[in-house]
Amino acid sequence: MAEFEPVLLANVGKQESWTRRVYEQNGGYQALRRVLKTMTPQEVVELVKASGLRGRGGAGFPTGVKWSFLPKDHPGPVYFCLNADESEPGTFNNRILMEHDPHQVLEGTIISAYATGASVVYIYLRYEYPLCLKRLQQAIDECYEAGYLGRDILGSGFSLDVYIHRGAAAYICGEETGLIESIEGKRAWPRIKPPFPAVQGVFGKPTVVNNVETVACVTHIAARGAEWFKSIGVPADPNNPRDAGSYGPKLYCLSGHVNRPGCYEAPLGITCRELIEHFGQGVWKGRRAKAAIPGGISMGLLTAQELDTPLDFSSLQKVGCLGLGTAAVVVMDETVRIIDYLYNSCRFFAHESCGQCTPCREGTAWALRIVDRIRRGRGRLVDLDILLEIGNTIGIIPGTTICGLADGAAWPLKNAITKFRQELEDFIRRTNPQGYMQSDPVPLELHTLEH
Amino acid sequence: MSNGKVSQEQPARVLTPEMIDEIRSYFSRYPTRQAVTLPALHVVNRHLRWVPPQAVEEIAQLLELPPAQVQDTLSFYGFFRQDAPCGQVRAWVCRSISCALRGGEELLEHMCRRLGIRPGQTTPDGKLTLEFAECLGACEYAPCMLAGEELHKCMTTEDADRFLESLGVQVVQESASQK
Ligand SMILES: Cc1cc2nc3c(=O)[nH]c(=O)nc-3n(C[C@H](O)[C@H](O)[C@H](O)COP(=O)(O)O)c2cc1C
Ligand code: SF4
Ligand code: FES
């Protein structure tokens, strides 16, 4: 780990790192020039496929494979949506890239659009990133001036326009089909798939949705090659044909109870403990970690005993977490009560559920009411089983909802209750000595409805 | 109407020519008019600090949509206010996990107490609308607050007091630190 040189964050911290001048001084836009001069779009798709790059937005889908799902010889237009809605609690790596190195993001975006035959890019930018808006728009303007955007880019015959589309503070707009609906001017209700966006996306046209960090990786794959990218990270397990490996550098976000929170770049596959100890300089106040969120709040919980789990695309599932997610680690020290973590998580998902699927809308709302009641000292042991049942039955994994928000709501419930059951039972017994054994229906007035 | 007089019931128009031009400037970016809904709402909201029902009518006219369709989209996002304009400054205090672990909820509660309002409300002098936010994407600076376009990092209750003071907003309860 010591000899690893940051690539994605290489320019961060340099003076005026967000300007085209500084970006070009450090070799920026050379990859774009070379790609446009020497490669066909199909060759770029093959290059990205060969690199093993998997999407950084949460689902980890192989990027080159996604691009190859676009229909061949479509009359167009094809759209490319850059997902800059970054709203998963704990996550801020896209913000760092856009604020400090927007040209790196744009170079990757232009190369990706070229590869996919897109003529228009919409950058879906969350409302709460005003500095990103400013820096991105400046960078876009600079690109038009330099001929990296607009008609006939660098004489290649390829033309591209990039527009920023501002969100309005709704987490669900990060889900790729919610994002598409939101661009179309509708409420951001995720779509039932298929059809997938590659076939029928925004305005009914073939569409690719990729995360900001994903396209930043594309910039470096184009510059340094697929072999270089594949030399970093964790190779695919040869005994598991379904493992697509965890290649390349990754931006890990670290927050919560650590001495040095921040965004750190490391090869995919460092362990949670390495991240906390090496980069975060340990748990704050000389305390010990009790648990950690491994990849944004949707991914569930690692216990203190599970902190040696590698943060890659395949290891987290082995300890019961949902996955790597956004690789945003949130550390909780020994003073944190699991019931408070659960309350925070349930409140988030109840607030952000788009309400379209009944299991998600009702499940997240009732989970919050029950957790809130437990927290106020009116819990019953049977509530834990009810919560677990909600956790086990909402989401695309059990097959009851349209999008993955419900899985994200389910995992914190499932992990907390299975991994910290004793603590939760003790809490219920201690705070509700008269009623913890009851199992009759709970009167509605014991549920507060305001959160 | 036929004699050229404006009927009494006709509500005053709220979109200025400037706003209309701004909204029209988005037309060429999208293949449909409906896609300009969110940009149009943002334009109006930036100028007026709310989107009154009359503005919805006028946006719908510009975009050639039924007003209900614009209203449907607007109401999906809790972001756009229709009851009253927001304060001169709109501030969001993060309540999500990384901030909550470092005192975000206490920070919000502290500000609410000092102002005598609940999250989502505006101070009586119209200077500040205080809201909770879910993760602001600045978790390394927890607990944090976005006030207008400015991110306030690693906030203490003293920082919050100084912020309120800088706005000259009316405070109903002295903070403990000033007693
Ligand atoms: C509820 C929900 C929220 C999501 N939010 C984001 C987000 O903010 N940013 C993002 O890139 N992907 C988000 N995703 C994942 C996207 O649906 C999609 O997989 C991703 O943008 C694809 O890009 P990638 O392949 O480059 O990762 C979200 C998914 C779900 C289910
Ligand atoms: S799972 Fe939840 S957030 Fe996703 S579409 Fe259904 S109701 Fe909406
Ligand atoms: S949790 Fe507060 S900014 Fe992310």
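Mentor: Let's start with helix H1 (residues 17-24) and helix H2 (residues 37-48) of chain B in this predicted model. Their axes come within 9 Å and cross at roughly 150 degrees.

Trainee: What makes H1(B) roughly antiparallel to H2(B)?

Mentor: Angles over 145 degrees count as roughly antiparallel. The axes of H1(B) and H2(B) cross at roughly 150 degrees, so H1(B) is roughly antiparallel to H2(B).

Trainee: Is the crossing of H1(B) and H2(B) left-handed or right-handed?

Mentor: H1(B) passes H2(B) in a right-handed crossing.

Trainee: Which residues make the contact?

Mentor: H1(B) brings Met19(B), Glu22(B) and Ile23(B), while H2(B) brings Pro39(B), Ala40(B), Val43(B), Val44(B) and His47(B). By class, the contact of H1(B) with H2(B) has 6 nonpolar, 1 polar and 1 charged residues.

Trainee: What else does chain B contain, and how is chain B divided?

Mentor: Chain B has 7 helices and 4 strands, in the order α-α-α-α-β-α-α-β-β-β-α from the N terminus. Its domains are domain 1 (17-76) and domain 2 (89-173), with 29 Å between their centres, taken over C-alpha atoms. The C-alpha trace of chain B spans about 65 × 35 × 25 Å along its principal axes.

Trainee: How many residues of chain A are in contact with chain B?

Mentor: Residues are in contact if their C-beta atoms, placed from the backbone, lie within 7 Å. On that basis, 44 residues of chain A are in contact with 32 residues of chain B. Elements that each supply at least two residues of the side of chain A include strand S3 (161-166), helix H8 (176-183) and helix H12 (338-352). The largest share, 5 residues, comes from H12(A). The side of chain A that touches chain B divides into 22 nonpolar, 13 polar and 9 charged residues.

Trainee: And which domains does chain A have?

Mentor: Chain A is divided into domain 1 (20-231), domain 2 (246-333) and domain 3 (338-446). The centres of domain 1 and domain 3 of chain A are 37 Å apart, taken over C-alpha atoms. Their contact takes 9 residues from domain 1 and 8 residues from domain 3 of chain A. On the side of domain 1 that touches domain 3 of chain A, 7 residues are nonpolar, 1 is polar and 1 is charged.

Trainee: Why is ligand 1 said to lie between domain 1 and domain 3 of chain A?

Mentor: Domain 1 (20-231) and domain 3 (338-446) of chain A both give residues to the shell around ligand 1, so ligand 1 lies between them. In total, 23 residues surround ligand 1, and the closest are Gly55(A), Gly57(A), Gly174(A), Thr214(A) and Gly404(A). Strand S4 (residues 207-211) of chain A gives the largest share of this shell, 3 residues. The shell around ligand 1 has 6 nonpolar, 11 polar and 6 charged residues.

Trainee: What surrounds ligand 2?

Mentor: Ligand 2 is surrounded by 14 residues, the closest being Cys354(A), Cys357(A), Cys360(A), Thr401(A) and Cys403(A). Helix H13 (358-378) and helix H15 (405-419) of chain A each supply at least two residues of that shell.

Trainee: How does the shell around ligand 2 divide by class?

Mentor: The shell around ligand 2 has 9 nonpolar, 4 polar and 1 charged residues.

Notes
Residues numbered from 1 in each chain as written. Chains lettered and ligands numbered in written order. Predicted model: local features only at pLDDT ≥ 70, side-chain atom pairs only at ≥ 80, totals over all residues. Near = placed C-beta within 6 Å. Nonpolar A, V, L, I, M, F, W, Y, C, P; charged D, E, K, R; others polar. Contact = placed C-beta atoms within 7 Å. Domains from an automatic or database assignment. Axes fitted to C-alpha atoms, helices over the stretch in contact; angles between N-to-C directions. Parallel < 35°, antiparallel > 145°, perpendicular 65-115°, else oblique. Left-handed = near helix turned anticlockwise from the far one by under 90°.
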